[in-house]
Each structure stands twice: as C-alpha cells, then as structure tokens.
Amino acid sequence: MTSITDSFKELTILQPDDWHIHLRDDKALATTVPHAAGSFNRVICMPNLVPPVKTADDARAYRERILQYLQASNLSAERQAAFDPRMTLYLTDHTTAQDIEAAAKSGIVQAVKLYPAGATTNSADGVTDINACADVFEAMEKYNLPLLLHGEVTHDHVDIFDREKRFLDDVLVQIITNFPTLQIVMEHITTRDAADFVLAQGNQIAATITPQHLMFNRNHLLLGGIKPHFYCLPILKRATHQKALLEVATSGSPKFFLGTDSAPHTTDKKEAACGCAGCYSSATALPLYATAFDSVGKIDKLEGFTSRFGAQFYGLPVNENTVTLINIPMQVPVNYPYFDGSTLTPLMAGEMLPWSIKG
C-alpha cells in the first residue's frame with residue numbers, strides 16, 4: 001500500500017519487519033529492545049548470546065527477558081502490542097532432530113541459525129562439520145523450519161574478501177543439493193556472487209541485505225584510516241558488489257528483504273585496537289534504507305523490500321499498520337546511552353540523512 005505524495009516528499013508504507021537483528025541480553029535490552037520495537041513489528045532475534053540459545057526452552061526464556069524490557073520501556077501501548085520478537089536456535093555440532101521438533105512446535109522459534117565456527121561475534125560454538133548436520137536438516141525440512149546462514153568459510157588461508165564466494169561454492173551448493181526443499185536465507189549478503197546465486201535458485205532460497213552493505217563499500221571502511229563503525233562481518237566489499245546489492249534490493253524481486261544485522265557493541269569496544277565487528281542501525285534503519293533506495297531513484301520499491309517480501313517468505317501475514325517517511329533531513333545521534341555508563345555509537349553517527357520518520 002505504498003503511498004507517495006508531493007513529488008516523493010512523503011512516503012507511507014506498511015510497517016517493516018527486521019528479519020535479522022542482534023538484541024544481545026540482560027542490561028543491553030534496555031536500549032536495544034525499545035529501538036527495535038520503535039522501528040519494527042516482527043524481528044528475528046539472533047541466538048549468539050553467551051551462552052547461546054540452543055533449545056526451545058532457551059528461546060522461550062530469552063523471549064520473556066526481551067518482553068520484560070519492552071514492558072518497562074517508554075514506548076506507546078500500540079508499539080508494544082505490535083512488537084513480536086521471533087526466536088532462532090543456534091545450530092551446533094550437538095543439535096538433534098528432537099531439538100528441531102521441539103522448536104518447530106514451540107510457536108515462537110522462527111528459524112535455525114548456522115554460524116561456521118569462528119565466523120563472527122560469539123560463534124565459537126558454531127558448526128565445524130556440515131556433513132554431521134544431515135539429521136537436523138532433514139528435521140528442518142519436515143517441520144518447515146528455515147535455515148539462516150552466516151555464509152562465510154573460516155579457513156585461515158581464504159582471503160577475508162573471498163569467504164562468501166567460497167561458502168557458496170563449497171558449502172551452500174552441497175546443502176541445497178542434499179536438502180532441496182529446505183528453506184534457506186543467506187543472511188547479510190555482500191557480493192554480486194551471492195546476489196546472482198540467490199536469483200538462480202528456486203523460491204526456497206532468499207537473502208537479507210543490511211543498510212551498510214547498500215550504502216558503503218570497503219573504501220568507506222579503509223580510505224584515510226580504518227573507520228571502526230563501518231567494520232562488520234561479512235566485511236564491506238568492492239563498490240561493484242555494493243552496486244549489485246542495490247540493484248537486486250531495489251529490483252522488486254521477492255527473494256531479497258530487510259535484515260539490518262544491527263549489532264550493538266559499546267563505543268569503547270568498537271574504537272579499540274581489536275574493534276568488535278558489527279554496525280548498530282536499529283533505531284535509524286528505515287531512514288537509512290530510504291536513503292539507499294532513493295539514491296538510485298527507486299524509493300517506490302522500498303515497501304516490498306522492507307515490509308512484504310520477508311513476511312511472504314516466512315509464510316506470515318504482512319503488517320496492517322503503516323509508517324510515514326518524509327523527505328526532511330535528520331541527524332543521526334552521535335551516540336546513545338547504554339548500560340553501566342557506557343555509550344553505543346550508531347552507523348553514520350552525527351551525519352545527516354535526507355529521510356526521517358514523520359511524527
């Protein structure tokens with residue numbers, strides 16, 4: 001129900017969902033939950049906590065903690081009622097088919113997340129042998145529980161800029177061949193290779209794209225000195241890959257949809273010799289995406305990407321409430337107060353965006 005008025009000055013779309021977000025846990029939730037609930041209806045919450053969310057019981061307990069912080073927030077009753085955190089299980093070498101059955105029957109677990117061991121933050125418990133997961137993948141096919149992939153190999157000898165392509169060739173092709181009806185989301189894709197791969201597959205294969213991978217490339221990260229708040233995994237790639245992602249995101253293809261991969265780290269942990277990987281964008285995600293789409297003259301394609309295609313892939317109804325973007329600049333906050341006196345620095349902190357949320 002995209003509605004555009006006054007020569008693209010105002011855009012009303014269905015309320016978006018975020019199909020890949022990191023809320024973290026405990027005191028962090030006091031900040032991340034209101035930011036997420038203020039922007040989105042449904043969010044798929046990543047399970048790489050310490051310890052990870054490995055079972056349906058773990059997921060249920062985590063969801064309760066999220067909702068407790070939601071109820072303690074200053075958000076309106078309407079926004080609180082609309083917010084629906086969807087859980088994921090962390091796939092390990094010890095996950096069983098019984099774990100999958102319990103998750104599928106829980107009513108709150110939306111998917112299962114595969115992290116190759118060592119691929120990103122809190123991924124040490126990830127999968128070390130994809131061939132040992134056959135029983136789990138069969139159960140996921142049986143119960144229609146999608147597999148979410150951090151699509152990178154982690155071999156030391158593989159260049160960090162080539163790890164997504166190698167994952168497609170060495171791992172994903174094998175999974176699709178052996179489990180042809182398994183629903184799979186390639187999360188936070190970063191390359192033309194991944195975009196073309198997803199386009200070439202059946203409707204059971206989709207992908208999420210982050211705001212940072214639409215708006216930036218590795219020059220933004222590295223030119224003139226390393227910019228820690230642009231550092232994420234998978235890492236930003238060449239401008240040619242950024243261009244390809246913009247093309248597919250704005251194409252109207254239902255195989256690509258919003259997943260911010262918003263990942264909070266305290267400012268001091270980001271601005272350090274070994275800065276943490278992750279960009280925080282939850283509170284300003286929609287203006288960021290609007291800016292990216294508008295940069296290629298495709299703002300009219302925003303609603304499908306943000307609000308329709310993800311729900312359709314997961315077999316869920318699209319949202320009925322709406323949000324209005326207005327072509328009036330906004331300044332991204334320099335930082336947000338975080339827990340224990342720390343701060344959280346968002347993507348594009350202090351910069352001006354041409355789009356903002358009306359009201």
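**Exercise 1. Which residues does methionine 186 touch, not counting residues up to four places away in sequence?**

Solution. The model is predicted, so that local features need pLDDT of at least 70 and side-chain atom pairs count only at pLDDT 80 or more, while totals for chains, interfaces and linings use all residues. Residues are numbered from 1 along each chain as its sequence is written, and side-chain values use heavy atoms, with hydrogens and water left out.

Step 1: with contact taken as heavy atoms within 4.5 Å, methionine 186 touches Leu149, Gly151, Glu164, Phe167, Leu168, Leu172, Ala194, Val198, Ala206, Ala207 and Thr208.

Step 2: Met186 is also listed with Phe137, Leu147 and Leu302 as touching the most other members of the largest nonpolar core, which has 93 residues. Such a core is a set of buried Ala, Val, Leu, Ile, Met, Phe, Trp, Tyr and Cys residues joined through side-chain atoms within 4.5 Å, where buried means under 20% relative accessible area, exposed over 50% and partly exposed in between (1.4 Å probe, protein chains only).

**Exercise 2. Decide whether asparagine 41 is buried or exposed, and find its side-chain partner.**

Solution. Step 1: asparagine 41 has a relative accessible area of 4%, and therefore counts as buried.

Step 2: its side chain is joined to that of asparagine 321 by a polar contact of 2.9 Å, a term for a pair of N or O atoms within 3.5 Å in which, within protein, one must be able to donate a hydrogen and the other to accept it, and residues adjacent in sequence count only if both atoms are side-chain atoms.

**Exercise 3. State how far leucine 75 lies from alanine 37.**

Solution. From C-alpha to C-alpha the two are 8.0 Å apart in space, although 38 residues separate them in sequence.
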